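Please examine the sequence and the model shown here. A briefing accompanies them.

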Amino acid sequence: MGILKGKKGIIFGALDEHSIAWKVAERCYEEGAEFVLTNAPVALRMGEINKLAEKTGSEVVPADATNMEDLGKLFDVAIEKFGKIDFILHSIGMSVNVRKDKPYTDLNYSWLEKGWDISAVSFHKVMKTAWDKDCMNEWGSILALSYIAAQRVFPNYNDMADNKAYLESIARSFGYFWGKEKKVRVNTISQSPTPTTAGQGVEGFGGFLSVAEEISPLGNATGDDCADLCVMMFSDYTKRVTLQNLYNDGGYSNTGISEGLVKKFMEK
Ligand SMILES: NC(=O)c1ccc[n+]([C@@H]2O[C@H](COP(=O)([O-])OP(=O)(O)OC[C@H]3O[C@@H](n4cnc5c(N)ncnc54)[C@H](O)[C@@H]3O)[C@@H](O)[C@H]2O)c1
């Protein structure tokens with residue numbers, strides 16, 4: 001429908017075709033947007049992102065999202081190419097404690113700090129870089145991806161739960177200033193469990209996915225559903241939606257239990 005025609009942006013976090021950011025990039029391209037793709041240098045070495053770049057006619061710029069110098073260079077490339085930009089997607093997450101199966105009750109704090117920096121503080125760093133360079137057009141849109149473990153307990157999600165709570169708070173805190181001073185909106189999307197590299201790193205992910213599917217009246221939101229919502233959030237149809245955590249979860253967040261789940265226990 002071309003609802004992003006003329007919009008320019010930066011998309012963080014497309015690792016492979018399963019990545020949410022990959023699907024968002026494909027949908028943004030279909031809707032007429034132009035963007036720079038970026039990921040950590042180590043992720044780019046896998047080479048997959050070049051396929052996406054070719055498909056969407058995008059440039060790929062390496063940047064570790066925790067490194068202010070990398071971010072500065074990335075934004076300079078985008079500004080050189082597009083002038084001011086209209087949207088940013090932060091689709092980044094990683095916990096060393098999750099990766100190394102370190103339980104929440106026995107966290108390694110230096111791993112915690114690394115995961116917090118990558119998964120949460122990097123969102124502040126990205127926004128600060130854009131802020132200092134004054135490179136967002138009025139009515140622009142900045143999005144990050146979150147998970148309901150920020151509000152409710154999911155034991156295996158480990159320290160990522162705390163990172164997501166921090167991420168959502170940054171969206172509100174920085175989003176206030178973006179709204180007031182630059183007329184830019186900042187939101188997070190709280191997405192259903194989705195089979196991606198990051199998702200599948202969580203212990204018992206298959207179980208997570210099936211339980212959420214069973215409980216959600218509309219079933220789990222897929223990566224493609226998330227991409228559709230991101231397109232809408234980058235479009236001019238959502239100009240005054242800001243400081244929100246938007247659940248894209250098939251109704252999971254407001255459902256206590258499903259009849260199907262009760263039936264399964266009654267059978268036992
Ligand atoms: N998959 C799920 O179940 C699910 C559910 C809700 C929210 N999310 C969130 O969605 C976002 C995207 O994850 P995904 O599921 O598409 O998995 P993914 O593994 O495809 O994407 C995570 C990305 O983070 C990037 N990254 C890691 N460290 C980085 C760094 N230092 N600098 C820049 N990039 C870095 C990785 O290279 C990768 O591209 C994450 O914030 C994740 O927490 C995922």
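The model is predicted: local features require pLDDT of at least 70 and side-chain atom pairs count only at pLDDT 80 or more, whereas totals for chains, interfaces and linings use all residues. Residues are numbered from 1 along each chain as its sequence is written. Helices (H or I, at least four residues) and strands (E, at least two) are DSSP runs, numbered from the N terminus.

**Ligand shell**

- The ligand is surrounded by 27 residues, of which Ser-19, Gly-93, Thr-196, Ala-198 and Gly-199 are the closest; a residue is near a molecule if its C-beta atom, placed from the backbone, lies within 6 Å of it.
- At least two residues of this shell come from each of helix 1 (20–30), strand 5 (136–146) and helix 8 (197–200).
- Helix 8 gives the most, with three residues.
- The shell comprises 14 nonpolar, twelve polar and one charged residues; Ala, Val, Leu, Ile, Met, Phe, Trp, Tyr, Cys and Pro count as nonpolar, Asp, Glu, Lys and Arg as charged, and the others, Gly among them, as polar.

**Packing of helix 4 and helix 6**

- Helix 4 (residues 68–82) packs against helix 6 (residues 109–132) at an angle of about 50°, with the axes 10 Å apart; axes are lines fitted to C-alpha atoms, for helices over the stretch in contact, and angles run from 0 to 180 degrees between N-to-C directions.
- Helix 4 and helix 6 are therefore oblique to each other (under 35 degrees is roughly parallel, over 145 roughly antiparallel, 65 to 115 roughly perpendicular, and the rest oblique).
- Met-68, Leu-71, Gly-72 and Phe-75 of helix 4 make the contact with Lys-125, Val-126, Thr-129 and Ala-130 of helix 6 (C-beta atoms, placed from the backbone, within 7 Å).
- By class, the residues of this contact are five nonpolar, two polar and one charged.

**Helix 1**

- Eight of the eleven residues of helix 1 are buried, so this helix is largely enclosed by the rest of the structure; buried denotes 20 or more other C-beta atoms within 10 Å of a residue's own, exposed 12 or fewer, and partly exposed in between, with C-beta atoms placed from the backbone.
- Among the buried residues of helix 1 are Trp-22, Lys-23 and Arg-27.

- Most residues other than glycine have a negative phi.
- Asn-158, not a glycine, has a positive phi of about 60° and is found in the loop between strand 5 and helix 7 (160–182).
- Asn-158 counts as buried because it has 24 C-beta neighbours inside 10 Å.
- Lys-183, also not a glycine, has a positive phi of about 55° and lies in the loop between helix 7 and strand 6 (185–191).
- Lys-183 counts as partly exposed, with 15 C-beta neighbours inside 10 Å.

Definitions and conventions
Two residues are in contact if their C-beta atoms, placed from the backbone, lie within 7 Å.
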